[in-house]
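Colleague: I would like to learn how to read a structure I have not seen before. Could you take me through it feature by feature?

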Amino acid sequence: SNHIDMMNFLPNVAGHMVRHAATLPWTTKDFIHFPKDYWTAGLCNGSGAGDLVVDAVVDSFGFVFGIPCCCHTMFMAEKEAWKRDWLTRNILAQKANDDPCLYDDLTKISSNGANCSTHGRKCLLNRRRQRCRLFKSGFSCKSFSKANAQFKANQRGMKDGNKNLTSVSTFQGTKEVIELILPDVFELENVDSIGGIAEQNADDADDSNLALVVKELETVKGGI
């Protein structure tokens with residue numbers, strides 16, 4: 001029921017934010033380059049609540065400012081079968097015309113080894129004909145979470161390149177996808193304990209998991 005509530009609540013919040021933005025001194029030239037078709041993609045989509053917010057913001061901008069625009073989905077990914085089922089029934093069912101892929105393993109997407117439940121096969125991921133405007137993703141929090149009994153042992157996971165840690169392997173998989181599709185903008189999220197020198201078993205802040213994640217993302221074309 002909480003998921004259903006979010007599907008109704010979050011778009012309304014996003015719409016309220018955009019209506020507030022409409023009271024600011026925007027001019028037409030501020031939106032002249034806003035795309036008619038706004039393509040997004042994501043990994044670790046969970047309940048899809050974040051995708052609903054993006055959809056609502058784009059649609060609300062179109063309504064409030066009179067811009068003919070529509071939000072589309074290129075692909076999503078979720079490891080758990082029940083989450084993929086949820087996304088298929090409640091999110092992607094509304095985007096059938098976009099023909100979005102729904103992958104099962106984000107660490108295998110760039111090597112074309114991930115299964116797509118939308119099409120029932122392994123689907124090739126490339127930049128396709130759409131330009132990805134926004135890529136949003138989480139990557140596994142499990143290794144870097146304070147709730148993990150091995151938290152202290154995992155604090156140097158990124159520095160050691162330990163791909164046995166899901167937080168490291170899913171970050172690397174996420175980075176590979178970003179490098180493949182080269183989105184205009186990307187945002188990643190994780191637990192707060194990923195960073196901060198006080199929480200890292202490192203000699204200085206440059207060795208923290210967060211610092212190393214940022215450093216690797218800066219090598220992606222366009223930087224962060």
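Modeller: We will go from the overall fold to single residues. Keep in mind that this is a predicted model.

Colleague: How many helices and strands does the protein chain have, and in what order do they run?

Modeller: Begin with the count and then read along the chain. The protein chain contains 6 helices and 8 strands. Starting at the N terminus, the order is α-β-α-β-β-α-β-β-β-β-α-α-β-α.

Colleague: What share of the residues is buried, and what does the accessible surface come to?

Modeller: Of the 224 residues in the protein chain, 46% are buried. The accessible surface is about 12300 Å², and carbon and sulfur atoms account for 53% of that.

Colleague: Which part of the contacts joins residues at least 24 apart?

Modeller: Take the contacts between residues at least 6 apart in sequence; 69% of them join residues at least 24 apart. Glu179 and Val220 are 41 residues apart along the chain, yet 6.1 Å separates their C-alpha atoms. Glu179 itself is partly exposed, its relative accessible area being 38%.

Colleague: How many disulfides does a search of the whole structure find?

Modeller: The test is the distance between two cysteine sulfur atoms, with a cut-off of 2.5 Å. The search of the whole structure gives 0 disulfides. Cys116 shows how the reasoning goes: its closest cysteine sulfur, in Cys101, is 3.8 Å away, so the two are too far apart for a bond. Cys123 is in no disulfide either, as its nearest cysteine sulfur, that of Cys116, lies 3.8 Å away.

Colleague: Are Cys116 and Cys123 buried or exposed?

Modeller: Compare the relative accessible area with the 20% limit, under which a residue counts as buried. Cys116 has 2% and is therefore buried. Cys123 has 6%, so Cys123 is buried too.

Colleague: Where is Cys71 found, and what is it in contact with?

Modeller: Cys71 belongs to strand β2 (residues 70-73). With a relative accessible area of 6%, Cys71 is buried. Setting aside neighbours within four places in sequence, its contacts include Tyr38, Thr40, Val54 and Lys95.

Colleague: What space lies in the largest pocket, and which residues lie nearest its centre?

Modeller: Read the volume before the lining. The largest pocket holds about 490 Å³ of space. Its lining has 17 residues, and those nearest the centre are Cys44, Glu78, Lys79, Ser140 and Thr170. By type, the lining divides into 7 charged, 5 polar and 5 nonpolar residues.

Colleague: Where is the place of Cys44, and what is its phi?

Modeller: Cys44 lies in the loop between β1 (37-43) and α2 (49-65). Its phi is near 50°, a positive value in a residue other than glycine. Cys44 is partly exposed, at 32% relative accessible area.

Colleague: What is phi for Asp99, and where is that residue?

Modeller: Asp99 is not a glycine, but has a positive phi of about 55°. Asp99 is placed in the loop between α3 (81-90) and β4 (101-103). At 39% relative accessibility, Asp99 is partly exposed.

How values were computed. Residues are numbered from 1 along each chain as its sequence is written. This is a predicted model: local features need pLDDT of at least 70, side-chain atom pairs count only at pLDDT 80 or more; totals for chains, interfaces and linings use all residues. Side-chain values use heavy atoms; hydrogens and water are left out. Helices (H or I, at least four residues) and strands (E, at least two) are DSSP runs, numbered from the N terminus. Buried means under 20% relative accessible area, exposed over 50%, partly exposed in between (1.4 Å probe, protein chains only). Contact means heavy atoms within 4.5 Å. Accessible areas come from the Shrake-Rupley method with a 1.4 Å probe; for residues, only the protein chains shown count as cover. On a 1 Å grid over the protein atoms alone, a cavity is a set of points where a 1.4 Å probe fits but cannot get out, and a pocket is an open set with protein on both sides within 12 Å along at least five of seven lines; lining residues have an atom within 4 Å of a point. Grid points are joined across faces, edges and corners, and a volume is the space filled by probe spheres set on the points. Ala, Val, Leu, Ile, Met, Phe, Trp, Tyr, Cys and Pro count as nonpolar, Asp, Glu, Lys and Arg as charged, and the others, Gly among them, as polar.
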